[in-house]
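I opened this notebook to record what I looked up in one structure. The entries follow the order in which I consulted the model.

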Amino acid sequence: QVGLKGEAMSLHSLSGSSSVEWGEPVQKQPLTWYKAFFNAPDGDEPLALDMNSMGKGQIWINGQGIGRYWPGYKAPGTCGYCDYRGEYNETKCQTNCGDSSQRWYHVPRPWLNPTGNLLVIFEEIGGDPSEISMVKRTTGSVCADVSEWQPSMTNWRTKDYEKAKVHLQCDHGRKITEIKFASFGTPQGSCGSYSEGGCHAHKSYDIFRKNCINQEHCAVCVVPEVFGGDPCPGTMKRAVVEVMCG
């Protein structure tokens, strides 16, 4: 009944937390309430609490419920070499073994004061509160992968597929500073490790540099005419791009 009594006493609120005497934090202790005060981080980037050191419980900031957390549950299994050949089963090609189902929990900036914010946590199975931290989300690079006939949310009903666009946007206040990769054709790989395929429009970089450099956001139509013509007629092509934000 520790958790129920604590909620009844409103320990998650400023007035309730001030009505009781708090001891020194104890690690790996189940059914325990923790509190701390912190100042809001500078900037306007999205914020999150890193709860990876905790087990299972609930979070409040300035009396507002962030929600429940459960990083103590780790994904089971054996991860390693992956080969999809042969009969498939639920243990084949597993990933993220041993990782928490969720580690970061969003903290809305409008809930924060410049200083003296109250963080209250009720831990159910035991954790290490000294390792909890506030983190910012910053975007270093942005990727897009759009096929030439890919419909958008506004044109999929009309089948007006020829007007597909690549949309790129950096975080607020940051601009596109570099085109790390660009290819209209049959590029390969994934974000962070793209490479040109057998079909590639040689003006791919030029188009994205012209439309996107020094812009917070930009859009480029995915049609052959924009990229100087069709590099491989009769083949479905994609516009793939990775840009850096700064």
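Entry 1, domains. I noted that the model is predicted. I found the protein chain divided into domain 1 (5-136) and domain 2 (141-245). I recorded 38 Å between the C-alpha centres of domain 1 and domain 2.

I located Ser17 in helix H2, residues 14-17. I saw its side chain reach the backbone oxygen of Leu14 at 3.1 Å. Setting aside residues up to four places away in sequence, I listed what Ser17 touches, including Trp22, Lys35 and Leu118.

I looked at S9 (residues 165-169), where Val166 and Leu168 form the covered face, while Lys165, His167 and Gln169 form the uncovered one. In a regular strand, side chains alternate between the two faces of the sheet. I found S9 paired with strand S11 (residues 217-221) in the antiparallel sense over five bridges. The bridge partner of Lys165 in S11 is Cys221.

I counted eleven salt bridges. In one of them, the side chains of Glu45 and Lys136 meet at 3.9 Å, N to O. Glu45 lies in the loop between strands S1 and S2 and Lys136 in strand S7, so the pair ties together parts 91 residues apart in sequence. I also found Glu45, Arg109 and Lys136 linked in a network of salt bridges. Arg209 forms a salt bridge with Asp206 at 3.6 Å between the closest N and O atoms; both lie in helix H3, three residues apart.

Technical notes:
Residues numbered from 1 in each chain as written. Predicted model: local features only at pLDDT ≥ 70, side-chain atom pairs only at ≥ 80, totals over all residues. Heavy atoms only, no water. Helix = DSSP H or I, 4+ residues; strand = E, 2+ residues; numbered from the N terminus. Polar contact = N/O pair within 3.5 Å; in protein donor to acceptor, adjacent residues only side chain to side chain. Contact = heavy atoms within 4.5 Å. Domains from an automatic or database assignment. Buried < 20%, exposed > 50% of the residue type's maximum accessible area, 1.4 Å probe, protein only. Pairing = 2+ DSSP bridges. Salt bridge = Lys/Arg side-chain N within 4 Å of Asp/Glu carboxyl O.
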